[in-house]
Amino acid sequence: MSKEERFGIAFKILFLGESNVGKNCIVNRFANNIFDYNKYTISGAYKINKNMLIKDINKLINFEIWITPGQKKYRIMHRVLYNNTNAFILVYDITNYSSFDEIKKYWMKEIKLRAPQNSRILLILILFLILVIIIVGNKNDIQINEKVSEFEVKEFSNQNNAIFHLTSAANGNGINELFEKIGKCCINKYKLNI
């Protein structure tokens, strides 16, 4: 049995997005199967580790999940976490258009600019193509108040080599599927045929 089979494959995942979009709620639903609407990341990023067996490919994934605060005053702090990140999860609230607008105007540009730690343009472009970026529309349980068109998000995702996914941390819909998707995308993008 190889080391990877015994201990799984480890991926560093970074959750980014504005305040009150549900980054904490998504991760807590996944890691602890709880929903706490009042839990916020208020001062600094923190990490949760969680293992998941992806049954259809028979791989154990160890997710090192970093959750960041959404307030603008903490944005520069996020840059330290970009190093060695395997997947960037950009979360927006489907009932708040400005949270998606910030993904378009700030977060995607920030990842493109900062994620690869090398100044050579060609290398940056190549590395960006292998980054795993998933744009997550959260609060899908309250679609009646939806302010962001799925069509617009899918179009933006396609233009930026990203994947689109919907979740509801409140009722758990799409949460495990999100992390399965993250694991499979990381395995495929980083060509881990183990």
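Me: What makes F100 and F156 buried in this predicted model?

Reply: Buried means under 20% relative accessible area. F100 has a relative accessible area of 0%, so F100 is buried. F156 is buried as well.

Me: Why is the pair of F100 and F156 called edge-to-face?

Reply: Happy to go through it. Rings pair if their centres lie within 6.5 Å, and planes over 60 degrees apart count as edge-to-face. The rings of F100 and F156 have centres 5.8 Å apart and planes at 85 degrees, so the pair is edge-to-face. F100 belongs to helix α4 and F156 to helix α6, so this pair ties together parts that are 56 residues apart in sequence.

Me: What kind of pair do Y97 and F100 make, and how do you know?

Reply: The ring centres of Y97 and F100 are 6.0 Å apart and the planes stand at 75 degrees, so this pair is edge-to-face too. Y97 and F100 both sit in helix α4, 3 residues apart, about one turn of the helix. In general, an α-helix has 3.6 residues a turn, so residues three or four places apart point the same way.

Me: Which residues have the most contacts inside the largest nonpolar core?

Reply: They are F15, I26, F63, I89, F179 and I182, in a core of 31 residues. At least two residues of this core come from each of β1 (9-17), α2 (23-32), β2 (46-54), β3 (59-67), β4 (87-93), β5 (132-138) and α7 (175-189). Of these, α7 gives the most, with 7 residues.

Me: What is F179 in contact with, leaving aside its neighbours within four places in sequence?

Reply: F179 is in contact with F15, I26, F30, M52, I54, F63 and I65.

Me: What makes α2 mostly covered?

Reply: Of the 10 residues in α2, 9 are buried. They are K23, N24, C25, I26, V27, N28, R29, F30 and A31. What covers these buried residues includes β1, β2, β3, β4, β5 and α7. After α2 comes N33, whose phi is positive, near 55 degrees.

Me: How do you know that K139 and D93 form a salt bridge?

Reply: A salt bridge needs a side-chain nitrogen of Lys or Arg within 4 Å of a carboxyl oxygen of Asp or Glu. For K139 and D93 the closest N and O atoms are 3.0 Å apart, and the pair forms a salt bridge. K139 lies in the loop between β5 and α6 (150-159) and D93 in strand β4, so the pair ties together parts that are 46 residues apart in sequence.

Me: Why do K139 and D93 count as buried?

Reply: The cut-off is under 20%. K139 has 18% relative accessibility, so K139 counts as buried. D93 has 5%, so D93 counts as buried too.

Me: What ties helix α4 to helix α6 through charged side chains?

Reply: K104 and E152 meet in a salt bridge, at 2.9 Å from N to O. K104 lies in helix α4 (residues 97-114) and E152 in helix α6, so the pair ties together parts that are 48 residues apart in sequence. K104 is partly exposed, with a relative accessible area of 23%, and E152 is partly exposed at 25%.

Me: What makes E150 and K154 a salt bridge?

Reply: Their closest N and O atoms are 3.7 Å apart, and the limit is 4 Å. E150 and K154 both lie in helix α6, 4 residues apart, about one turn of the helix. E150 counts as partly exposed at 27% relative accessibility, and K154 counts as partly exposed at 39%.

Me: How many salt bridges are there, and which residues do shared partners join into one network?

Reply: The structure holds 6 salt bridges. Salt bridges that share partners join D101, K104, K105 and E152 into one network.

Notes: Residues are numbered from 1 along each chain as its sequence is written. This is a predicted model: local features need pLDDT of at least 70, side-chain atom pairs count only at pLDDT 80 or more; totals for chains, interfaces and linings use all residues. Side-chain values use heavy atoms; hydrogens and water are left out. A nonpolar core is a set of buried Ala, Val, Leu, Ile, Met, Phe, Trp, Tyr and Cys residues joined through side-chain atoms within 4.5 Å. Buried means under 20% relative accessible area, exposed over 50%, partly exposed in between (1.4 Å probe, protein chains only). Contact means heavy atoms within 4.5 Å. Rings of Phe, Tyr and Trp (its six-membered ring) pair if their centres lie within 6.5 Å; planes under 30 degrees apart count as stacked, over 60 as edge-to-face and the rest as tilted.
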